[in-house]
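Subject: Structure handover

Hello,

Here is the structure I promised to pass on. Please open it first, then read my notes below with the model beside you.

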Amino acid sequence: MIRLESLTKSYRDGGNRFDVLRGVSLGVEEGELVAVMGASGSGKSTLLNVIGGLDRDYGGSAEVLGRDLSKLGDRELSRYRNESVGFVFQSFNLVPPLTVLQNVLLPGYFEGGGGQPAAAARSSARDALARVGLAGKEGRLPARLSGGERQRVALARALFRRPRLVLADEPTGSLDAQTARDVIDLLVELNVKERLTVVVVTHDEQVASRARRILRLKDGLLVDDREHAR
Ligand SMILES: Nc1ncnc2c1ncn2[C@@H]1O[C@H](COP(=O)(O)OP(=O)(O)OP(=O)(O)O)[C@@H](O)[C@H]1O
């Protein structure tokens, strides 16, 4: 599903070069749920952004779902991001004046022509909301939801196109401990029931402990990769 070989990423700041990823190699198989941990600045988000096709300025190779991401043109890469990957972020990124249903439908609006017919799209969006336990809340505005519900809307939006891979960057970072547990439980359930492959970046050991496999980054290197019973 994911194959990274000697992945490197550097930023330039004036004359200085800052190496964020310094040769990360790893594989993730279809149906895995993997947590990525590491201190702030260790390169976790950068790693996720490469896998998700959000950052194409890297060294080494990144192959996801059989595609070598460096070989995709702009249109192909954007199609890969839209159709194959579901993204979830710490800050939910919901659009306040839009209802829950409209937020889930949002990825479709950016497509232009060739999208699903409106009725089919709405039915997929309702289906995605049902999968995250939000059936009946379609007409609500985000301001009238709890933090956990907002993150579940974001997850429904990520699932809307039925991606095989979900990339979650600190999805529980803005939630209290109980709500964080609920959100991670939902990710585990989707992983187990639907064989959705999930890579979740987290600082939270409790959240990470729900993943069977935990990767640890330190200063841009993969320093630990182990499986445990969950
Ligand atoms: N656009 C950028 N320009 C310059 N440096 C950057 C840029 N984006 C990230 N960095 C630097 O790269 C390093 C790694 O960032 P990254 O976001 O991958 O770390 P992280 O492990 O996800 O950290 P956190 O847990 O704080 O989110 C950090 O030191 C960061 O300052």
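Predicted model: local features only at pLDDT ≥ 70, side-chain atom pairs only at ≥ 80, totals over all residues.

**What I found**

Strand β4, residues 59-64, runs antiparallel to β5, and two bridges join them.

**The four-stranded sheet**

β4 and β5 belong to an open sheet of four strands. The order is β2-β1-β4-β5, and the pairing is antiparallel. Which strands stand at the edges? They are β2 (16-28) and β5 (67-68). Each has a single partner strand, so one side of each is left without a neighbour in the sheet.

Strands of a sheet pair through backbone hydrogen bonds, either parallel or antiparallel.

Now move to β1, residues 2-13. β1 and β2 run antiparallel, joined by 10 bridges. Y11 stands opposite F18 in β2, and S10 stands opposite D19 in β2. The two strands form a hairpin with two residues between them. Look at G14 in the turn: its phi is positive, about 60°.

β1 also pairs with β4. That pairing is antiparallel and spans five bridges. Within it, T8 has G59 of β4 as its bridge partner.

**The six-stranded sheet**

There is also an open sheet of six strands. Read the order as β6-β7-β8-β3-β9-β10. The edge strands are β6 (85-89) and β10 (221-227), and each pairs on one side only. On average, neighbouring strands of this sheet are turned by 15° against each other, direction ignored.

Strand β9, residues 213-218, pairs with β10 in the antiparallel sense over six bridges. Find K218 there; L221 of β10 is its bridge partner.

**The ligand**

Which residues surround the ligand? They are Y11, V20, G38, S40, G41, S42, G43, K44, S45 and T46. By class, the shell has seven polar, two nonpolar and one charged residues.

**Two helices side by side**

In general, two packed helices are described by the angle between their axes and the distance between the axes.

Which residues make the contact? From α5 come G147, G148, Q151, R152 and L155. From α6 come T179, D182, V183 and L186. By class, this contact has four polar, three nonpolar and two charged residues.

**Where to start**

Begin with the hairpin of β1 and β2. Then go from Y11 to the ligand shell.

Best wishes

Technical notes. Residues numbered from 1 in each chain as written. Near = placed C-beta within 6 Å. Nonpolar A, V, L, I, M, F, W, Y, C, P; charged D, E, K, R; others polar. Pairing = 2+ DSSP bridges. Contact = placed C-beta atoms within 7 Å. Axes fitted to C-alpha atoms, helices over the stretch in contact; angles between N-to-C directions.
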